[in-house]
Amino acid sequence: MSSQQTALAWNDAFLLGYGPMDDTHREFIDCIDAALGASDGEFVIALHALVEHLEQHFSSEKEWMELTEFPAADCHIAEHDAVRRSAHEVVGRLNNGRDVQLGRSFARELARWFPSHADYMDAALAQWIVKRTCGGVPVVVRRNVVFD
């Protein structure tokens, strides 16, 4: 991985305690990793796969928010919509033959964005879902994680 890439690897610090969300987040990180590691010739395909994943990922979370009447849904959905708009703008520019560096920059920004989004917005959603469906907040066992 070059110095311009931002590594994002799955580890237990990303676990939030709602299995379907944790699985989706693992897939997201795999898509980011694939895009960041793709050659220039493979990058556009990797970016399309990442954007397709984002669409499914954000749609699933929206559905969970609606089903459980998540109080902060509007804010969470608005953030997803902003990311979605950016993703489609970047794909549109790449499809018009522009430099793949724009797409790589977008993938790096997603890698930087995700940890804080997961820590705040997604963690709150995961706790809400588990509390609504199971009556309590999730207990998450994280292996080999050191917290500052």
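A: In this predicted model, E69 counts as exposed, because its relative accessibility is 59%, above the 50% cut-off for that class. E69 is found in the loop between α2 and α3. Its backbone has a positive phi of about 55°, although E69 is not a glycine. As a general point, most residues other than glycine have a negative phi.

On either side of this loop are two helices, α2 with residues 40–68 and α3 with residues 73–95. Two packed helices are described by the angle between their axes and the distance between the axes. For α2 and α3, the axes come within 10 Å and cross at roughly 160°. An angle over 145 degrees counts as roughly antiparallel, and α2 and α3 are therefore roughly antiparallel to each other. Their crossing is left-handed. By class, the contact of α2 with α3 has 14 nonpolar, six polar and four charged residues.

Which residues of α2 and α3 meet? On the α2 side they include F43, V44, L47, V51, L54, F58 and M65. Also on the α2 side are H48, E55, S59, E61 and K62. From α3 come, among them, A73, I77, V83, A87, V90, V91 and L94, together with H76, H80, R84, H88 and N95.

Helix α2 also packs with helix α4, which has residues 100–134. Here the axes are 12 Å apart and the angle is about 20°. Angles under 35 degrees count as roughly parallel, which makes α2 roughly parallel to α4. The crossing of α2 and α4 is left-handed. Sorted by class, this contact has 15 nonpolar, four polar and five charged residues.

H53 counts as buried, because its relative accessibility is 6%, under the 20% cut-off. Leaving aside neighbours within four places in sequence, H53 is in contact with T24, E27, F28 and C31.

Helix α1, with residues 19–37, holds I32. At 0% relative accessibility, I32 counts as buried. Not counting residues up to four places away in sequence, I32 touches L8, L50, A107, L110 and A111. The C-alpha atoms of I32 and R108 are separated by 8.1 Å, although the two residues are 76 residues apart along the chain.

What elements make up the protein chain? There are four helices and zero strands, and from the N terminus on the elements run α-α-α-α. Of the 148 residues of the protein chain, 43% count as buried. Among contacts with a separation of 6 or more, residues 24 or more positions apart account for 73%.

C75 counts as partly exposed, because its relative accessibility is 48%. C134, with 64% relative accessibility, counts as exposed. A disulfide is a covalent bond between the sulfur atoms of two cysteines. With a cut-off of 2.5 Å between cysteine sulfur atoms, the count comes to zero disulfides.

Methods:
Residues are numbered from 1 along each chain as its sequence is written. This is a predicted model: local features need pLDDT of at least 70, side-chain atom pairs count only at pLDDT 80 or more; totals for chains, interfaces and linings use all residues. Side-chain values use heavy atoms; hydrogens and water are left out. Axes are lines fitted to C-alpha atoms, for helices over the stretch in contact, and angles run from 0 to 180 degrees between N-to-C directions. Angles under 35 degrees count as roughly parallel, over 145 as roughly antiparallel, 65 to 115 as roughly perpendicular and the rest as oblique. A crossing is left-handed if the near helix is turned anticlockwise from the far one by less than a right angle, and right-handed if clockwise. Contact means heavy atoms within 4.5 Å. Ala, Val, Leu, Ile, Met, Phe, Trp, Tyr, Cys and Pro count as nonpolar, Asp, Glu, Lys and Arg as charged, and the others, Gly among them, as polar. Buried means under 20% relative accessible area, exposed over 50%, partly exposed in between (1.4 Å probe, protein chains only).
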